[in-house]
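The following note sets out some points on helix packing, the sheet and the ligand surroundings. Please read it beside the model.

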Amino acid sequence: MKKRSKKSSVSKQIEQETQRIGSELWEQLDRRKPTVFERRWWLDHILEWAMQDESVKVQMFRFVDVLPMLKSSGTVTKHLQEYFEEVETHLPVAMRMGLEVAQPDSLLGKALAVNARNNARKMAERFIAGTKTTEVYRSVHKLRGKGLAFSLDLLGEAVISECEADDYQQAYLDLLEELAPMVNAWPEDPMLDRDHVGWIPKCQISLKMSGLVSHFKPIDAAGTSEKVKEQLRPIFQRARELDAYVHIDMEHYEYKDLTLQIFKEICMEKEFRDWSDCGIVIQAYLPDAEDDLKNLLKWAKKRKTSVGIRLVKGAYWDYETITAEYRGWPCPVYTEKWQSDENFEKQTLFLMKNYEHLRPAIASHNLRSLSHAMAAAQEMNVPRNAWEIQMLYGMADEQQHLFSELGYRTRIYTPFGELLPGMSYLVRRLLENTSNESFLRHAYDKDANIEELLRSPTDVGKQHSVESTVSV
Ligand SMILES: Cc1cc2nc3c(=O)[nH]c(=O)nc-3n(C[C@H](O)[C@H](O)[C@H](O)COP(=O)(O)OP(=O)(O)OC[C@H]3O[C@@H](n4cnc5c(N)ncnc54)[C@H](O)[C@@H]3O)c2cc1C
């Protein structure tokens, strides 16, 4: 009885602190109004305009997705006309007229095509750090100058041949070879380069296991595992030699169990067992997250060396719900946003409690989720440098800078690579930013209500169930 009341008083305290921290952060962001709220990352108002109309948004993202494949101005204009014909009446007058009168090979047609390409490129540059190593180095150096750490991710299309899988592996090996020595020469910054145990690698990379083999097949777990480990070993070895860190991203639900199994197996190998500079992602939109974390904790204790855990909500929500419905399978993800938010907070508490074995990286742009993590760490006496915040390149820049100024180690997940594979990443980010459920979308609303934004997910859930009972 006593134990339960102590637990509930800690939760109460965490909730109070979450509200206090969240309001203070919001106020500090608010004071930077001209930059935060000018929506500079809603490039050229295109997104803002597209968000006002769901049908225009869908056509615009379809167009962005196909654009890199279109080789001539004529085909670009033709696709523009075809895609936007369906939503013609929703377009601004000037754009409608331009699309109507432009012949694909006319001067106006070419101007339209150039304009479309430029806008897509600018949008991509907002979220993608560059193509060549020199550009990537410049981007991460700039982040460092702003007090931000990085984790680099090579954008790739679905790998379908051994040759592509080898290229993906080689690209990471080249990146480590070229970048790690330059980055390691940077002067030490204790806020970014030290945790509660000691120095941590400056050069960090994130990769997807499915990129390392031609067919990542959960149905052939043993064969896939063998191949992935064969490809991953040289990356782990080189990273270790060059004092770099490797993080494994999480992909579709179908891949999750095998990804976790391979990660655990390779980390248990003799040469990596005492290596702590590696980690994996857990997705809170999956009810499975709780058991997966408990299993990881047991495993990490047995291994006797900690690993990093990046907690995210999950990037494939649309894919998972649509695929499950199409195949008639049970849906693996929560179907209400507050449930993912609530689980994210629950798993944040689990990670904070076990930070010595599973080092927490709390990855979100949601001020409520992050304020909750800060409050939890504070109330549970987790040292400030034993956990970190992670955010995506080009998203919520003002929050990134504020957290860094306040002394939180903030790491930016920084994608790089060619534009063509980059487009599906770009479309994922655009969809996420403009989704009705997105925290950022509501936060950028000029009528944003901070009390509403900071509400506990459990309260939101309670209100939902009352509303649905009433409407029944
Ligand atoms: C550094 C970093 C690394 C990342 N790495 C990965 C990765 O490896 N794998 C991966 O999958 N994702 C990854 N993500 C993306 C992440 O999963 C989220 O998509 C993204 O951060 C948005 O969540 P949020 O907390 O910022 O925003 P919020 O607006 O608070 O949350 C949006 C998220 O809520 C969930 N959601 C939306 N609608 C519903 C609904 N109706 N029911 C239930 N849940 C819903 C979805 O997960 C959606 O992305 C990463 C994010 C960051 C910042």
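1. H11 (residues 221-241) packs on H12 (residues 253-268) at about 50°, the axes being 10 Å apart. Axes are lines fitted to C-alpha atoms, for helices over the stretch in contact, and angles run from 0 to 180 degrees between N-to-C directions. Helices (H or I, at least four residues) and strands (E, at least two) are DSSP runs, numbered from the N terminus.

2. The model is predicted: local features need pLDDT of at least 70, side-chain atom pairs count only at pLDDT 80 or more, and totals for chains, interfaces and linings use all residues. Residue numbering starts from 1 along each chain as its sequence is written.

3. Eight strands close into a barrel, ordered S1-S2-S3-S4-S5-S6-S7-S8, with parallel pairing (at least two DSSP bridges between two strands). From one strand to the next, the twist averages 30°. Strands S1 (residues 149-154) and S2 (residues 203-207) are joined by two bridges; Asp153 has Ser206 of S2 as its bridge partner.

4. Around the ligand are 31 residues, of which Asp249, Val312, Ala315, Ser364 and Asn366 come nearest (near: C-beta atom, placed from the backbone, within 6 Å). Elements giving two or more residues to this shell are strands S4 (278-283), S5 (307-312) and S7 (388-392), and helix H15 (337-353).
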